[in-house]
Amino acid sequence: MRDVRILFMGTPDFAVSSLDALIKAGFNVIGVVTQPDRPVGRKQVLTPPPVKEAALRHGLQVLQPERIKSEEALAEVLSLSPDLIVTAAYGQILPKKLLEAPKFGCINVHASLLPKYRGGAPIHKCIVEGEKESGVTIMYMVEALDAGDMLSKVVVPIEERDTVGTLHDKLAAAGSALLIETIPALLAGELTAEVQDHDAATIAPNIKRTDEQIDWSRTAEQIYNQVRGLNPWPVAFTKYQGKVWKIWWVEKVVDAAVDHQPGTILARDEDGLIIACGSGAVKITELQPEGKKRMSALDFLRGAGNSIEIGTKVGE
């Protein structure tokens, strides 16, 4: 089984755990396909994806086609003669010609309990939606978004104070362990694939700017979940007097009875600003004012925020 030729396809940090696990377990990884280097940051520095960096550390061949469906890219990938393709957050849907090429098929490590949260942002979405558990599904790939038959699953509880960052790391670890368990059983013909209930499918599309802005008419619970579901990337935000505040953390205000307009600043606590929501209230405890560094609300209120008046509103 260790002679089976495995081609790995992935791009972000989430996929690195699976690639590292395959190498550590002694599987024959013949190469890596990942997205092209992209400009990153304010200075737009051309930066390789995390999977490329990991592949180079392992001395693996790396391919970076702009479009995996192009004839040139397909020919280059197929020339490697993979017996099995393993993908994890690669970022492109594979064409039929590639899906049908490997003897043992193409499988994907997806960070949700399918059929829920198909798409590019399942970790963000499950926290934003207030789910109590997530997990990883390994399934066959098809020419549709995360819709293939499922081979294995693992459940990962979501804790009350989990962020997209902490849950990402838990799922990456759980997914890589599940992959190492699944591949030998798959190669031995011991797995029976389960068809997804497509009627129960939900979509978790990539996060848009509109998803990041806080709607203060929502409940305190929903806003709390939105903030932690976008922490540490891309980070929720609101506006105050036309200036953007990135909101890194809030606390729910227990049993808050609020009769003010949503977004109204109700109080300046020593460690935060209490804001009225559509139902209840939250306390902003960590933020990043426009043009400033991330800071505690305590430091903010001691400095630039000391002139903020009770009764004024955020979100405008």
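Predicted model: local features only at pLDDT ≥ 70, side-chain atom pairs only at ≥ 80, totals over all residues.

1. Helix 3, spanning residues 71-78, has Ala 73, Leu 74 and Val 77 as buried residues. These three cover an arc of only 100° around the axis, so they sit on the same side of helix 3. An α-helix has 3.6 residues a turn, and residues three or four places apart therefore point the same way. The buried residues of helix 3 pack against strand 1 (5-10), strand 2 (28-33), strand 5 (62-63) and helix 4, while the face turned away from that buried side carries Glu 71 and Glu 72, which are exposed.

2. Thr 285 belongs to strand 14, residues 281-289, and counts as buried because its relative accessibility is 18%, where buried means under 20%. Apart from neighbours within four places in sequence, Thr 285 is in contact with Trp 249, Val 250, Glu 251, Asp 271, Ser 296 and Ala 297.

3. Lys 246, in strand 11 (residues 243-253), is partly exposed at 33% relative accessibility. Although Lys 246 and Glu 286 are 40 residues apart along the chain, their C-alpha atoms are separated by 8.8 Å. If residues up to four places away in sequence are not counted, Lys 246 touches Val 235, Ala 236 and Phe 237, as well as Glu 286, Leu 287 and Gln 288.

4. Glu 286 also meets the side chain of Arg 294 in a salt bridge, with an N to O distance of 2.7 Å. Both partners are partly exposed, Glu 286 with a relative accessible area of 24% and Arg 294 at 40% relative accessibility.

5. The whole structure holds 15 salt bridges, and one of them joins the side chains of Lys 116 and Glu 131 at 2.6 Å, N to O. That pair links distant parts of the chain, 15 residues apart, with Lys 116 in the loop between strand 7 (106-110) and helix 5 (122-128) and Glu 131 in the loop between helix 5 and strand 8 (133-140). Another salt bridge, between Lys 96 and Glu 100, has an N to O distance of 3.9 Å; here Lys 96 is partly exposed at 47%, whereas Glu 100 is exposed at 57%. Glu 160, Glu 221 and Lys 252 are linked in a network of salt bridges.

6. Ile 93 is found in the loop between strand 6 (84-88) and helix 4 (96-99), and its relative accessible area of 36% makes it partly exposed.

Definitions and conventions:
Residues numbered from 1 in each chain as written. Heavy atoms only, no water. Helix = DSSP H or I, 4+ residues; strand = E, 2+ residues; numbered from the N terminus. Buried < 20%, exposed > 50% of the residue type's maximum accessible area, 1.4 Å probe, protein only. Contact = heavy atoms within 4.5 Å. Arc of directions from axis to C-beta. Salt bridge = Lys/Arg side-chain N within 4 Å of Asp/Glu carboxyl O.
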